[in-house]
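This briefing covers contacts, overall dimensions, surface and one selected residue. Please consult the sequence and the coordinates alongside the points that follow.

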Amino acid sequence: MKKIEAIIKPFKLDEVREALSEMGVSGLTVTEVKGFGRQKGHTELYRGAEYVVDFLPKIKVEIVVSSAMLETAVDAIVKAAHTGKIGDGKIFITAVEQVIRIRTGETDESAL
């Protein structure tokens with residue numbers, strides 16, 4: 001099993017969710033986060049004063065999939081989140097040793 005953490009632009013969330021649903025992903029966790037990479041933030045004007053916004057709003061999508069579904073899920077996220085502009089985001093993949101569904105006690109693949 002693998003955990004996929006995708007940091008994407010906020011307006012791409014619905015497209016990513018739909019792409020994952022179409023391929024059979026039954027659940028995901030979404031968190032509003034802030035950060036920066038190569039974008040390095042930007043400047044804004046407020047009441048005549050210029051200020052720097054260092055951390056940009058992003059969305060973190062977390063899913064756990066079977067190893068067999070990994071490539072399909074990553075491809076779906078990349079296609080749905082891609083704009084071709086700086087700040088499209090990143091995907092991190094880590095191994096998951098065990099999953100337990102609290103309600104039923106199911107473990108591993110059956111708990112997904």
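Among contacts in the protein chain (heavy atoms within 4.5 Å) between residues at least 6 apart in sequence, 71% join residues at least 24 apart. The model is predicted: local features need pLDDT of at least 70, side-chain atom pairs count only at pLDDT 80 or more, and totals for chains, interfaces and linings use all residues. Residues are numbered from 1 along each chain as its sequence is written, and side-chain values use heavy atoms, with hydrogens and water left out.

**Fold and dimensions**
- Two helices and six strands make up the elements of the protein chain; these are DSSP runs, with helices being H or I of at least four residues and strands E of at least two, numbered from the N terminus.
- Their order from the N terminus is β-α-β-β-β-β-α-β.
- The radius of gyration is 17 Å, well over the 13 Å that the globule rule gives for 112 residues, so the protein chain is more spread out than a compact globule; the radius is taken over C-alpha atoms, and the rule is 2.2 Å times the number of residues to the power 0.38.
- Along the principal axes, the C-alpha atoms fill a box of roughly 60 × 30 × 20 Å.

**Burial**
- Of the 112 residues, 30% count as buried, where buried means under 20% relative accessible area, exposed over 50% and partly exposed in between (1.4 Å probe, protein chains only).

**Alanine 95**
- Alanine 95 lies in strand 6 (residues 89–95) and counts as exposed, at 60% relative accessibility.
- Alanine 95 touches Met1 and Lys2, residues up to four places away in sequence not being counted.
- Between alanine 95 and lysine 2, the C-alpha to C-alpha distance is 4.6 Å, with 93 residues separating them in sequence.
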